[in-house]
Amino acid sequence: MALVSLPPAVRLTLERVTQGGPFRYSKDGAVFMNRERRLPRQPRGYYREYTIETPGAHDRGARRLVCGGASPRAPDACYYTADHYTSFRLVLR
């Protein structure tokens, strides 16, 4: 999915990822375990998750950006989920 076709909050979060923050939630940047194996298999610690602001949500909401790579600030690939890890779409930059 092309980055320009995603909600502006996704683009903002990806900018913050490459800048190393700031992030609103303490869990942003935490290791994403990929337990359901919906993303390509990678070693533990490869993926990190970030909250995408959800309008009207009183908590973190369901939207996330999960990025993977050797360096969190320079991810090899990022995936967007609007349904709390049920499905993912590769973000094309």
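User: Where is R63 placed in this model?
Analyst: The model is predicted. Strand β2 covers 47–51 and strand β3 covers 64–68. R63 sits in the loop between β2 and β3.

User: R63 has no salt bridge; which side chain of opposite charge is nearest, and how far away?
Analyst: R63 is buried. A salt bridge needs a nitrogen-to-oxygen distance within 4 Å.

User: Which element gives the largest share of the largest nonpolar core?
Analyst: This core has 12 residues, among them L3, L14, Y50, L65 and V91. Two or more residues come from each of α1 (8–19), β3 and β4 (77–81). The largest share is 3 residues, from α1.

User: Which residues does L14 contact, leaving aside neighbours within four places in sequence?
Analyst: L14 belongs to the largest nonpolar core. Its contacts beyond those neighbours are L3, L65, C67, C78 and R93.

User: Why does the salt bridge of R60 and D28 tie together separate parts of the sequence?
Analyst: The side chains of R60 and D28 meet at 3.9 Å, N to O. Both R60 and D28 are buried. R60 lies in the loop between β2 and β3 and D28 in the loop between α1 and β1 (30–31), so the pair ties together parts that are 32 residues apart in sequence.

User: Which residues are linked in a network of salt bridges?
Analyst: E49 and R60 meet in a salt bridge at 3.3 Å. E49 and R64 meet in another at 3.4 Å. E49 lies in strand β2 and R64 in strand β3, so this pair ties together parts that are 15 residues apart in sequence. The network links D28, E49, R60 and R64.

Conventions
Residues are numbered from 1 along each chain as its sequence is written. This is a predicted model: local features need pLDDT of at least 70, side-chain atom pairs count only at pLDDT 80 or more; totals for chains, interfaces and linings use all residues. Side-chain values use heavy atoms; hydrogens and water are left out. Helices (H or I, at least four residues) and strands (E, at least two) are DSSP runs, numbered from the N terminus. Buried means under 20% relative accessible area, exposed over 50%, partly exposed in between (1.4 Å probe, protein chains only). Lys and Arg count as positive and Asp and Glu as negative; His and the chain ends are not counted. A nonpolar core is a set of buried Ala, Val, Leu, Ile, Met, Phe, Trp, Tyr and Cys residues joined through side-chain atoms within 4.5 Å. Contact means heavy atoms within 4.5 Å.
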